[in-house]
Every structure is written in structure tokens, then in C-alpha cells.
Amino acid sequence: MSGSLGRTPESLKASGRSSEKLSLPILQGKIKRDPDGYETELQLIYKQFKASVDLFQQQAALSFSSVGSDPSVAKDLGDRAMFLAHVTPFYPKQLAEFPAQLTDLLRTSCLAMPSGLRNHVSQALILLMNRKSLVIEDLLALFLDVQCIGDRNLRKLAFSHIVQTIRKMSVTDPRHKGLQKIVISMLEQEDETKAKRALVTLCELLKKKVWLGDRHERVAIAICEACFHASPRIMVSSLRFLLDYENLDDEDDSDASDNDDDEDAKPENHVVINREAVYKANNKGTSSSKKKKQAKLQRAMKSIKKKQRASSESTTSTYSPLNHLNDPQKFAEKLLSRLQTGKSIGKTSERIETRLMMMKVIARTIGLHKLQLLSFYTYLQNYAKPHEKDVTQILAAAVQACHDGVPSDAVKPLFMQIVNQFVHDRSRPEAIAVGLNVIREMCLRIPELMTEELLQDLALYKKEHEKAISAGARSLIALFREINPSLLVKKDRGRPGGPVAKPKQFGEVNVFSDVPNVELLQESDHESDSDEDDDDVELPGSDDVEQEELVPDDCGNEDEAEEDSDDDMNNTEDDSDVDTSIAGDDEEEDMNDSDEAETDSENEEMESEEDDDDGEASDSSAEDSGSKEKAKGKKRKMVDFDANLLSADTSLRALKRFAEAKSEQPCLDENDGILSNEDFRKIKDLQAKKEAKLALARKGFKVPDSDQLSKKRVNPAKLEAHIRHKLTKEQRMELVKAGREDRVKYQSRTATKQKKVGGSSNKQKEHKKNMPLAAIRSKAGRSKRSKKMKKSNSGTQFRGRKAWK
């Protein structure tokens, strides 16, 4: 074969090995096996390719119809392009200029090519790039331009190739920046078609989590800046993507929450539940109370697992491209100014759907970054009306824009308009339910909006017959039980379970001065030390009263207090067995009784100390009588007022001494200085135990943090909870037909009897049975008596004159 290197095409043709008679696929296989032996054939085909390109360009310059009349030119050109693309790696020197020639052909003559030839040339370029004969930077801009042509197949091929190629690249590949620069520069062009294809590419790569995170934040910024593009279509596409991206995240979260069994297998999500609670749920109480306790235990475990899963997830479940804005305040103000003008750059009025999307994006930006954009709430007042289209989405945007950094005076007009427009007696039940839900969500973020008179008026809706209205009012009451129960009427406050909560003032924040939850580690260390020394728990100021415990009177008082506490414990256990309507009552009552016993003993000890200092025996006797009356459940009298003042004073001084003693204790940082990994692991376990205890003891719902509220998107569908919408005729017919599926076709009773095959039924046989003699005689006696009664009554009754007499 080495002798064929010096052969010319003429000698090849004379020898009978003409390239026209050779099949290109067969020649391609022979070249891969022996590249040096078929170099002459390659040169001949390469010259034919150049000639086909020149001929095609001449025909395209004259008329497009000539291409259609001679399709063989396009077919030969496509076949030779694919052949040369396959053999280019075997002849890098001879075909060094071929990739550039093929790229120029597609760029200059793409519009003149038929659809088949475009696809062949594009596939040849993709093959060259996969064989490392082309780089993706040279091909990316060309494929973005090619997508602007109306060829659907070519657009799909080029788009999928770009996305798949970038997905296969390494995360730390330095070529990402150059590719992003090319696509973003095309997005900034005024040409609508090119900008649209660049935006679609960026959105797809961001949705596939390829250009995601801080490393590729310029992509997210470019998509956000596309909201101000000169083309309204680009603006709408960018707004829709910013909103739909978070909808995709919400769907992923809901799918993850449904698969709780899969999450249980992970070792990270460990749940720590108190053994006493598990024992009570399985062994104490009646069967109904056990079921309620077990259900409450399951709910607590599920909530803890969900919280642990959310904290341990490394994926950005709350990610939004709006997080990467360099100047979110400027972005929101610029978008709001475009929204307020009502006119786009194209001098056409924007549709209501576009304005709604702009409202939602502005509200999401305000909530994520906690911005101050006070004019936005004034603008929303124009749309916060029940008759507006998609009013629930507008109200959801209003809720999303509320956060603890906004002064309540700026949101108060919007809040009062929602109250006056939606919640009144002449409003529809759906509007009242939506209004109550919106009020609850706004007060959850800004509690200062609610007044005492308004809350008490809204709480009266809990007695409405409509489930949606009553549920909304009860949820509002449950919220203020947690954040500010003093605004509610006494009967709506529920059981007193600890200190009274008060909402934060405007601008008030919690600042961590130490490692979060490090106090749990300190408390566990102190408890372990105290358990080693003594099993009893000492109250603050008990060290000062150790000598007074030897007095017989005080001992008698302590014994009485212990007996009272034991009686209270027995009463709570009896109540837990009887009253099973509320789950977990026995736990709360045990905690309350133990607190009362501690406060009684503390008051008695402080009282004994005060007696020794001042020598007032009358006050001590009054205090003893007051404590006995309290233990017996009697009402408090005015005589005990001085004694209560005295006990409050002593308890205040005891708390001061306890605070001083605590400040004198060595700090954790002074002892160790640095927490070890075991300490952090122990803190995590203690936090899990604390959350489990709170989840079991808590009733109602837990008020989320302001950061959690700002990150989470408000779902408009949740504002319409429990609302029964009117069904259409088609939906009603579907329900009717669904109820008829298992029903047998109606037939009369006689038709059913006539179709019967076989003997008589049991009922028919009973009629033919011979009656016993006693039954026959009793029946005859009854008939005689009935005839006698009729005969006796016939003489006394006037039945009218017969017509024939």
C-alpha cells in the first residue's frame, strides 16, 4: 500500500479505483484500519468537498430555487462533510483547515441550506468537537446564533448539545467563565430572538444546578437584570423564571416531606424522646387516652424529624436567584418604578398578569433581603379589593413584603384596608376566610399591627357555621396565644403555661454573645455535679436557710407542703385518667404542681428568715394561713395582702443573691477556653432532647423565626384553606357518574321475579308450610275477636245513607 502515496487521481482513475465507485462508509472503515494507505483517496474527496461548497454557494447566490431543483448537491455536500469529520483525527495535518471551513459554511450559508444539510453540518461540527478538533468556545456562539433560525430540529439539536456539554464539564473547569461571558453578552443584545435563546440557555443550566451557587453568581445576576430588558417578552420570561424556580423547589420539598420512611434510614436524623412520655403513651390511662397520647407522640416525632432534616440538608432548598443580587434595594426600586408608570419601553400598556408577576418579584426581594420600600405598600392598596382578579396572589405578595424591619405605621393603612374590605358581615364567606388568613400572616410578621379591640372583634368569628371562617378565626386566636395573649379576652387565652409572651419591639433583635445552646452543656454539667453530691434539687437561696430547717415549726410546715403537693399529684393523675379530651394534660399539670410546691417551700423558707431578722410572728402566721388556704384551693382574701408583699420582697432578694452566685461561678470559657468535638456533639444531643420535650408539651403551633419567614415563599393556595368552591356542571356530573359505577341497573320487582331461574325462595316456602295446631286455633280466635269488634262498632257509627235504599 505504500506505493499508492505517489499516485495521482488520474492514475487512480486509470487503474479502475475511482472514488466515485467507492462507498464512503466502506472507505471510512478502511481508512480507520490503514490511514496511510488511503491518503490519496482522502485528498480526492477533500477536493470534491471544496468544489461542492463552491458550487453550493454559487447556486445560493443566484437563487434559492436552484438548490431545491438540484437536491443532489446538498446531499453530496452533507455526506462528504460527515465523512471528513469522521476521519479528521487520522489526518490532523491534511485536514487542519477543515473545521474552520465547516464553521464558516454554517455561519454564512445557514439560511440558504435546506433543513437536512443544516443538521448534517451541525452533527459534523459536534463530532469534531467531541474528537477534540474544535473547542466549545468556538462552537457556543455559533450554535446560539443558529437557534434563532426557524428550524425546530436544528434548534433542539444545538440547544441540547450546549447544555449536555456544559453539564459534563468539571465544576472547577476554568472555561465556565468564558462560556458565561459569551452567553451573557448575547443576552444583553437588543435583538429579541438572540436574547431569548441566551436567556433560555442560562435558565436551563441554572435549573439543572450546573451554574448554581456563589461560584456562578453572575448567571443569577444576569437573569435578574433581564427583568429590565428592552423587550417585554424577555422581561416576562425572566419574571416567570424567578417565580417558577421557587415553585420547583417547593415541589421538591413536598416530595421530600412525603418520603419520611426513606429519611428514617439516615443516621443523621436521630430523634430523642423522653422515656417517661413513651411509657405514659403505652401503659398509663384508658385506651382512648393511650391512643391520643400515642398520636401526639407520633406528631412530635414527625415534626422533630422534619426539623432535623431541614437543618441537616446541604442542598439549597430555599435558593433563589434573587439571593445573589449585589444591590437588592436598587433592583426593587427600579422594578417598582417601572411598575408604577404602567408603561413599558415599547409604549404599550402592560397586562395585569405582567404587573402581578412584577408585584410578586418585588415582594419576594423585599422579604428575602428585608428591604425598606414603603411606597410598595401604598401601591398595593389599589389592588387589595375582593373583586380584583387573582386577589389571593396580590394578598400573598403583601404578606411576603412584611417583615420585622418594616415600621408598622407604613403597613397600617394596607392592613386596615384588608380588614375593612374583606372582613365584615356583608362580605362573602370566601372573602372573610381569606381576609382572616391574611391578617394572621401579617400579624405573624408584624404583631404591632393588631389592636385589642380589633382582635376581640375578629375572635367572635370563631362561632360562625362556615368552617373556613371559624378555622381562620381560631388560628388567629392561637397565634396571639403565643405572641401576645394579653390582647385576648380571658376565656380565649387558654391555660396559663409559663411566662406571658410579649412581642418584640420595632428594631429589637437577639444577639448571641456565646456559642448557641452552650448553656445546655453548662446546665447538664451542673446537674451531673449536683446529682453526685445530693439527689435533691436546691432552690435559689436555700443555702442561707439551712440552719432554719432544724426548727420544728418549719419542719411541720414543710411536711404539710409536701402532703399538699402529694395530694395535687394524685389529683392530677386522677384527672389524667378521667379527662382524656386533651392529650398531654397530665404532663403539664405535673409540671405546674411541682412549680407550686417549689414556690411554697421557697416562700416558707424566706418567711422563716424574715422572722429571725425582724421578729414579726404575726406576719409569718398570716403567711402560713395563706399558704394553707392556697393548698386547699380556697380563694385569696385581702388579709393576705401584707403577707404576699413580704414573700415577694424575700423572693426578690433571694433571686438577687442567686444571680450574684451565678456570676461568681467560673465560666466555661475560663475553664476550657475551646469546646471540643465531644462538647458540640453533646450540645446537639441536648438540643434534640429539649426540642422533643417542647414538642410533647406544646399545644398549638410554634411561632417561626423571622429569618425562616423571610426565606419561605408564601403560597396563595394556603390563604384559601377550608374554602369549598362551587363546582361546575361538568364536575358535578363526574361525581354523579362516579357514584353510579357500582350500582346495579334499576328493574321493577315483577321483572326481577320473572327473570328468576330455579325453585321458589325461602319466603315463598314459608307461606306453604303447614301451621301448628296451636297457631291455627290462635289465628281463628283472633279472627273471631276482630269480627266481633267490627260488629259491635258498626251499630254505633253512622256510615251514611245507602244510595240504593
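Where does K209 lie relative to α11 (192-207) and α12 (217-225)? K209 sits in the loop between those two helices.

## The ground rules

This is a predicted model, so local features need pLDDT of at least 70, side-chain atom pairs count only at pLDDT 80 or more, and totals for chains, interfaces and linings use all residues. Residues are numbered from 1 along each chain as its sequence is written, and side-chain values use heavy atoms, with hydrogens and water left out.

## The overall fold

The protein chain has 36 helices and 0 strands. Helices here are DSSP runs (H or I, at least four residues), strands are E runs of at least two, and the numbering goes from the N terminus. Of the 805 residues in the chain, 38% are buried. Buried means under 20% relative accessible area, exposed means over 50%, and partly exposed is in between (1.4 Å probe, protein chains only).

Take the contacts in the chain with a separation of 6 or more: 72% of them join residues 24 or more positions apart. A contact means heavy atoms within 4.5 Å.

## The nonpolar core

The largest nonpolar core has 154 residues, and L102, L125, M450 and F480 touch the most other members. Helix α22 (residues 429-445) gives the most to this core, with 10 residues. The term covers a set of buried Ala, Val, Leu, Ile, Met, Phe, Trp, Tyr and Cys residues joined through side-chain atoms within 4.5 Å. In soluble globular proteins, nonpolar side chains tend to be buried together.

F480 is worth a click in the viewer. Leaving aside neighbours within four places in sequence, F480 is in contact with C443, M450, L455, P485, L487 and L488.

## α22 and its two partners

Two packed helices are described by the angle between their axes and the distance between the axes. Axes are lines fitted to C-alpha atoms, for helices over the stretch in contact, and angles run from 0 to 180 degrees between N-to-C directions. α22 packs against helix α24 (residues 467-483) at about 15°, with the axes 8 Å apart. The crossing of α22 and α24 is left-handed, meaning that the near helix is turned anticlockwise from the far one by less than a right angle; clockwise would be right-handed. On the α22 side the contact includes P429, I432 and C443, and on the α24 side it includes A468, G472 and F480. The residues of this contact split into 14 nonpolar, 3 polar and 1 charged. For that count, Ala, Val, Leu, Ile, Met, Phe, Trp, Tyr, Cys and Pro are nonpolar, Asp, Glu, Lys and Arg are charged, and the others, Gly among them, are polar.

α20 and α22 also pack at an angle of about 15°, with their axes 9 Å apart. That makes α20 roughly parallel to α22, and the crossing of α20 and α22 is right-handed. T392, L395 and V399 in α20 meet V434, V438, E441, M442 and R445 in α22. This contact divides into 5 nonpolar, 1 polar and 2 charged residues.

## α10 against α12

The axes of helix α10 (residues 175-187) and α12 come within 10 Å and cross at roughly 5°. That makes α10 roughly parallel to α12. K177, Q180, K181, I184 and L187 of α10 make the contact with R218, V219 and A222 of α12, a set of 4 nonpolar, 1 polar and 3 charged residues.

## Loop residues

Back to K209: this lysine has a positive phi of about 60° although it is not a glycine. K209 is partly exposed, with a relative accessible area of 44%. K132, in the loop between α7 (115-130) and α8 (136-146), has a positive phi of about 65° and is not a glycine either. K132 is exposed, at 74% relative accessible area.

H324 lies in the loop between α16 (287-312) and α17 (328-341). So is H324 buried or exposed? H324 is buried, with a relative accessible area of 8%. Not counting residues up to four places away in sequence, H324 touches G213, D214, E217, A220, I221 and Y319.

G405 is in the loop between α20 (391-400) and α21 (408-422), and is partly exposed at 23% relative accessible area. Beyond its neighbours within four places in sequence, G405 is in contact with Q372 and F506.

Notes. Parallel < 35°, antiparallel > 145°, perpendicular 65-115°, else oblique.
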